[in-house]
Amino acid sequence: MTASLAGPAPEGGYQFYVTEDPHHHEGHDDHDEHHHETGTMLGFWIYLMSDCLIFGILFAVHAVLGTSYAAGPSPADLFEIDKILLSTFFLLFSSITYGFAVINMQQDKQRAMMLWLIVTGLFGGAFLVMEVLEFQHLWHLGAGPGASAFLSSFWILVGTHGLHVTCGSIWLVVLLAQVQMQGLTHENKRRIMCLSLFWHFLDLIWIGVFSFVYLTGVSL
Amino acid sequence: MSAQQHGHDSHGSYKSYIIGFVLSVSLTVVPFWIVMADVEVSLSIALLIIFGLGAIQILVHVHYFLHVTVGAEDGWQAMSLVFTAILLVIILAGSIWVMVHLHENMMPAHEQIERVRNLP
């Protein structure tokens, strides 16, 4: 891309990023299929990085406000670490089952891929159920987001992560329907790879949440 | 422009996913064990272990699950990741540093509190 546009065209002409290659033939060149997605995959990756900044800012807020209990409950009073461990494992399992789905996708095993995606969705759903139960529990204890600065930043940080997992799960269901209807087309494969990045990324954010919010909060 | 990268295993194999999973599980269990079993370590050591293992686990996820490689997308993937990491360090370190100092300076001194308390 360093060639001057005014100069003679490089060999083979200019090549710009194309999201949908109009000359792409289905089934042709299967091996390189995923490496054609420069535009979409890179764009989605940059979206993830911007999402990462959102979470980074929420983590910074929690770092600043996380010990301002306003004479209210502290993390040690509220958090049940054993349940957090369970939901952490739900997310970890969902990450590896999604990985298996991607491997099956690359081998064009649609049925096995869909089964692994369904398992992933179930683990994701179990994580969300645990989270909703925890939020309900906190709410009933009077530890809503308005109780203290610590709880405000806790609810916004963990809530934003939960919202992302919810969106990811809805996306997963939609993708399953699309694969069921259209089969493992080129477009569907690309969508599955995007959701794969999203899903693993959410698991990565959760590492920060359980280390920083839960484990550190309870230790302090 | 590289749209064609013959990166083998660029999206992983069963083996690499399982290695990543096993590493993640152990890196998750250790900090939880330290907190749940009330292991006798000082707070700073406990925090060091929690954050250290958390950081390692994030790297494990980036490598084994997100498959970030220096070569992918002409290097733009790794480049944007490093850029984001730098921004995060600035945001986190900066906010914490500023706010901790602010907090300290806003904290009323002991004698001030006493003076207010003894007001008629």
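Two residues are in contact here if their C-beta atoms, placed from the backbone, lie within 7 Å. The exercises below use a predicted model, in which local features need pLDDT of at least 70, side-chain atom pairs count only at pLDDT 80 or more, and totals for chains, interfaces and linings use all residues. Residues are numbered from 1 along each chain as its sequence is written, while chains are lettered from A and ligands numbered from 1 in the order in which they are written.

**Exercise 1. Chain A as a whole**

Describe the secondary structure, burial and contacts of chain A.

Step 1. Assign the elements with DSSP: helices are runs of H or I of at least four residues, strands are runs of E of at least two, and both are numbered from the N terminus. Chain A then has six helices and zero strands, in the order α-α-α-α-α-α from the N terminus.

Step 2. Turn to burial. A residue is buried if 20 or more other C-beta atoms lie within 10 Å of its own, exposed if 12 or fewer, and partly exposed in between, with C-beta atoms placed from the backbone. By that count, 38% of the 220 residues of chain A are buried.

Step 3. Look at the contacts in chain A with a separation of 6 or more: 80% of them come from residues 24 or more positions apart.

**Exercise 2. The domains of chain B**

Into which domains is chain B divided, and how far apart are their C-alpha centres?

Step 1. Take the bounds from an automatic or database domain assignment: domain 1 of chain B covers 10-67 and domain 2 covers 71-120.

Step 2. Compare the C-alpha centres of the two domains of chain B, which lie 25 Å apart.

**Exercise 3. The side of chain B that touches chain A**

Work out how many residues of each chain are in contact, and what the side of chain B is made of.

Step 1. Count residues: 41 of chain B are in contact with 43 of chain A.

Step 2. Find the helices involved. H1 (14-36), H2 and H3 (76-106) of chain B each supply at least two residues of this side, and H3(B) gives the most, with twelve.

Step 3. Sort by residue class. Ala, Val, Leu, Ile, Met, Phe, Trp, Tyr, Cys and Pro count as nonpolar, Asp, Glu, Lys and Arg as charged, and the others, Gly among them, as polar. The side of chain B that touches chain A has 26 nonpolar, 14 polar and one charged residue.

**Exercise 4. Helix H3 of chain A and its partner**

Characterise H3(A), then its packing against H1(B).

Step 1. Check the length. H3(A) (residues 81-106) has 26 residues and spans 38 Å from first to last C-alpha, close to the 38 Å expected at 1.5 Å a residue; the expected span is 1.5 Å times one less than the number of residues.

Step 2. Check the cover: 19 of the 26 residues of H3(A) are buried, leaving the helix mostly covered. Asp108(A), which follows H3(A), has a positive phi near 60°.

Step 3. The axes of H3(A) and H1(B) come within 10 Å and cross at roughly 175°. H3(A) is therefore roughly antiparallel to H1(B), the term for angles over 145 degrees.

Step 4. List who meets whom. Among the residues in this contact are Leu85(A), Leu92(A) and Phe100(A) in H3(A), and Phe21(B), Val25(B) and Phe32(B) in H1(B). The contact of H3(A) with H1(B) divides into 13 nonpolar, four polar and one charged.

Step 5. Met36(B) counts as partly exposed because it has 15 C-beta neighbours inside 10 Å.

Methods: Axes are lines fitted to C-alpha atoms, for helices over the stretch in contact, and angles run from 0 to 180 degrees between N-to-C directions. Angles under 35 degrees count as roughly parallel, over 145 as roughly antiparallel, 65 to 115 as roughly perpendicular and the rest as oblique.
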